[in-house]
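Hi there,

Here is the structure I promised to pass on to you. Please have a look at it first, and then read my notes below.

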Amino acid sequence: MSESLSSATQQAEEVPAARPAEHRAGRIGLDLLDRWAGPLLLVAMIVAFTIASPGVFLTSSNLLAVVNNQTITAVVALGLLFPLAAGVFDISIGGVLTLSVITSAWTFQQTAGSMPVPLAILITLLVGSCAGLVNALLVVRLSIDPFIVTLGSGSIFLGVSQLVANGQVVSRDIPTSFTDLGRGELFGIPNPIVLVVVLALIVFYVLEMTPLGRMIYATGFGREQSRLAGVPTNRILVLAFVISGLCASLAGLVYTSRIGTGQPDVGAQYLLPSYAAAFLGSTMIKPGRFNVPGLLVGLAILAIGINGLQLQGIPFWVISTFQGGALILAVVLTKLRKLSVRADG
């Protein structure tokens, strides 16, 4: 009897000690699921679409086309990581991209194709950087809300593009030495894909492995606290907007060199998928912060999802719905995660 009571007491004493261990194990499991749910979803989608479209979806030509079609969005989204990590929005990227497309095509047309390609590229990148600098000065010097500033400036950049192009497609005198950059290959891999890989490595290195990256994230997590700690937050914001504009102009160059024309209304279609990929990426790999691996997985989820559904014959309106739904889902997941962290704290 006494042995039985002793045994029962011992079990009762072991329960409180075991509960924290069980809680920690459960927390670790949830953290792992939190980090890798996105990549697991991507794998599940690939398996599902391979079964649904045998011999069509999982082919090298289809997958290469999917990746190549996402390169412009990827370049825009990689640049967008900087302002988002610094805690500000840049809605003007669509306008900057359009302005860059028109600028690159217009410089060739105005010079009857005699403009040196490196000079045209340099002028276009300067235009994009200056657009980002204008946004930065309005936000930093005049303390205007970045959402309002970039919403307005993006519309202005689009209007300037329409003015320069006279509302028409700019397509004359674009040299083949320029279009070869967008249509060519390096070791059998399309040049735009090579560009995205190089750019992703650079952005990853800057954000994850340099003091500058740590200051950008610190500015995003708490601007005033970071300023008081000695972080030059205003200069960080200026740099973030300039890089965002620079990458949007780089994406514009990729577009013009691949298509061979300057469309005066092309940029808007890249705004939603870029934000959807960035926010979706912030829910995985390194949840709670905008990161390069998460962004690339998020972009792959969007691209694979749309491609797989298109092979099933979906109507055209589903694409925008899918991208918008992914953006809202990412924001909801981010909000739920913050609430969970507060509850645990």
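What follows is a short account of a helix pair and a surface patch.

Please keep in mind that this is a predicted model.

Let me start with the helix pair. Helix H3 covers residues 71-85 and helix H11 covers residues 233-259; their axes come within 7 Å and cross at roughly 175°. Angles over 145 degrees count as roughly antiparallel, and H3 and H11 are therefore roughly antiparallel to each other.

On the H3 side, the residues that meet H11 are Thr-71, Ile-72, Val-75, Val-76, Gly-79, Leu-80, Phe-82 and Pro-83. Their partners in H11 include Ala-240, Ile-243, Cys-247, Leu-250 and Arg-258. Sorted by class, this contact has 13 nonpolar, three polar and one charged residues.

Phe-89, Val-134, Leu-138, Leu-142, Ile-144, Phe-147, Ile-148 and Leu-151 make a nonpolar patch of about 680 Å². Helix H5 (117-141) and helix H6 (146-165) are the elements that give two or more residues to this patch. The largest share, three residues, comes from H6, and Phe-147 is found in that helix.

Enjoy exploring!

Best wishes

Conventions
Residues are numbered from 1 along each chain as its sequence is written. This is a predicted model: local features need pLDDT of at least 70, side-chain atom pairs count only at pLDDT 80 or more; totals for chains, interfaces and linings use all residues. Side-chain values use heavy atoms; hydrogens and water are left out. Axes are lines fitted to C-alpha atoms, for helices over the stretch in contact, and angles run from 0 to 180 degrees between N-to-C directions. Helices (H or I, at least four residues) and strands (E, at least two) are DSSP runs, numbered from the N terminus. Angles under 35 degrees count as roughly parallel, over 145 as roughly antiparallel, 65 to 115 as roughly perpendicular and the rest as oblique. Contact means heavy atoms within 4.5 Å. Ala, Val, Leu, Ile, Met, Phe, Trp, Tyr, Cys and Pro count as nonpolar, Asp, Glu, Lys and Arg as charged, and the others, Gly among them, as polar. Patches are made of residues with over 30% relative accessible area and no salt bridge: like charges are joined within 9 Å, nonpolar side chains (Val, Leu, Ile, Met, Phe, Trp, Tyr) within 5 Å. Accessible areas come from the Shrake-Rupley method with a 1.4 Å probe; for residues, only the protein chains shown count as cover. A salt bridge is a side-chain nitrogen of Lys or Arg within 4 Å of a carboxyl oxygen of Asp or Glu.
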